[in-house]
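Student: I am new to this structure. Could we go through it by question and answer?

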Amino acid sequence: MGLVKLAAAALAAGATFFAYSAKADGNLNLICSADVVICEQMKGAFEKKSGVSVNMVRLSSGETYAKIRAEARNPKTDIWWAGTGDPHLQAASEGLTVEYKSPMLGELHEWAVKQAESAGYRTVGVYAGALGWGYNTEILKQKNLKEPKCWADLLDPSFKGEVQIANPNSSGTAYTALATLVQIMGEEEAFDYLKKLNANVSQYTKSGSAPVKAAARGETAIGIVFMHDAVAQTVEGFPVKSVAPCEGTGYEIGSMSIIKGAKNLDNAKKWYDWALSADVQSSMKEAKSFQLPSNKTAKVPEEAPKFEDIKLIDYDFKTYGDPAKRKELLERWDREIGAAAN
């Protein structure tokens with residue numbers, strides 16, 4: 001798989017410096033679908049670099065997709081940065097975003113460029129992250145619970161009320177988990193699995209990273225998340241161990257898109273090019289962000305999950321980034337899982 005091969009090659013040879021020849025000005029309306037800490041860091045750094053005033057809102061990927069669809073006739077957003085790639089691809093297929101071939105494309109890994117090509121350059125990959133979970137080692141020890149190494153282990157009755165995962169309607173992380181299980185098991189078996197897992201789930205959160213933050217605080221034992229979100233809690237000093245499931249797992253290509261009808265199109269393009277630069281992507285670790293960056297010369301954090309050590313599936317972004325497929329899976333999840341959880 002290209003992503004696995006390229007992960008090892010992503011170790012930095014030194015960050016490239018990217019700058020504008022002159023200061024920009026004006027405004028930029030940004031939706032950020034990453035963790036709020038990195039969102040604030042990116043906002044501040046871009047404002048300092050460009051002179052542009054950024055109006056930033058933090059929303060999950062699913063929420064952003066819904067907002068952009070609802071505002072299609074009168075867009076209030078210029079650019080959407082980060083969040084799982086599936087909703088970005090869905091927005092692209094519905095003509096909600098615009099084509100933009102950044103001059104930075106030549107600096108990106110093949111998987112990030114393929115993301116752009118598959119969407120007619122209406123989105124681009126900015127980072128990658130593997131799906132897994134993080135568990136609180138102290139809770140497992142106190143309750144004498146066995147370490148969950150595989151998807152199957154999460155169904156153990158001893159984990160009743162000890163698992164959290166986000167709602168796939170609002171969270172791109174959870175939609176990736178849903179699509180991953182369907183690809184690993186087949187749709188019928190995957191929904192059977194999710195019904196059984198529901199018995200152990202204490203809460204379906206709105207945000208994708210919330211479950212492992214709850215595990216870090218000791219509110220639950222296990223949070224199903226992207227592994228880099230679990231690593232972030234470990235780096236913060238919490239007793240969290242991250243796990244890549246033994247059966248295999250999916251991954252995200254966090255993406256970025258310019259909204260069709262953007263009022264501040266030139267500044268959106270400036271953000272787009274800036275966010276793809278090696279120096280900006282290398283700085284993400286300062287906000288405890290441990291994804292694999294899309295720029296080939298960006299520095300990969302030492303703590304980042306090693307993709308070459310994870311059993312990744314050949315995730316079908318085209319199929320599961322299709323609006324009709326997303327709608328079908330989410331409606332079934334609402335009927336069979338969401339309804340039972342309420």
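Student: How far apart are the mean positions of the positive and negative charges of the protein?
Tutor: This is a predicted model, in which local features need pLDDT of at least 70 and side-chain atom pairs count only at pLDDT 80 or more, while totals for chains, interfaces and linings use all residues. Residues are numbered from 1 along each chain as its sequence is written, and side-chain values use heavy atoms, with hydrogens and water left out. Lys and Arg count as positive, Asp and Glu as negative, and His and the chain ends are not counted; each charge is placed at NZ of Lys, CZ of Arg, CG of Asp or CD of Glu. For the 40 positive and 42 negative charges, the mean positions are apart by 3 Å.

Student: How many salt bridges does the protein have?
Tutor: Side chains of opposite charge can pair when their charged atoms come close. A salt bridge is a side-chain nitrogen of Lys or Arg within 4 Å of a carboxyl oxygen of Asp or Glu. By this rule the count is 17.

Student: Which residue meets glutamate 63 in a salt bridge?
Tutor: Glutamate 63 lies in helix α3 (residues 61-70), and its partner is 143 residues away, in the loop between β6 (201-205) and α9 (210-216). Helices (H or I, at least four residues) and strands (E, at least two) are DSSP runs, numbered from the N terminus. The N to O distance is 3.6 Å, and the partner is lysine 206.

Student: Is lysine 206 buried or exposed?
Tutor: Buried means under 20% relative accessible area, exposed over 50%, and partly exposed in between (1.4 Å probe, protein chains only). Glutamate 63, at 23%, is therefore partly exposed. Lysine 206 has a relative accessible area of 54%, so this residue is exposed.

Student: In the salt bridge of glutamate 71 and lysine 67, what is the N to O distance?
Tutor: Glutamate 71 has 17% relative accessibility, so this residue counts as buried. Lysine 67 has 25% and therefore counts as partly exposed. Their side chains meet with an N to O distance of 2.6 Å.

Student: Which helix holds both glutamate 328 and lysine 325?
Tutor: The side chains of these two residues, glutamate 328 and lysine 325, form a salt bridge at 3.4 Å, N to O. An α-helix has 3.6 residues a turn, so residues three or four places apart point the same way. Glutamate 328 and lysine 325 are three residues apart, about one turn, in helix α14 (residues 323-341).

Student: Is lysine 325 buried or exposed?
Tutor: Glutamate 328 is partly exposed because its relative accessibility is 37%. Lysine 325 has a relative accessible area of 18%, so this residue is buried.

Student: Which residues are linked with Lys325 and Glu328 in a network of salt bridges?
Tutor: The pair of glutamate 328 and lysine 325 is a salt bridge itself. Linked with Lys325 and Glu328 in the network are Glu187, Glu188, Lys195, Arg332 and Glu336.

Student: Which residues is threonine 173 in contact with, leaving aside its neighbours within four places in sequence?
Tutor: Threonine 173 is found in helix α7 (residues 172-185). At 10% relative accessibility, threonine 173 counts as buried. Contact means heavy atoms within 4.5 Å, and the residues that threonine 173 contacts are Thr84, Leu131, Gly208, Val225 and Phe226.
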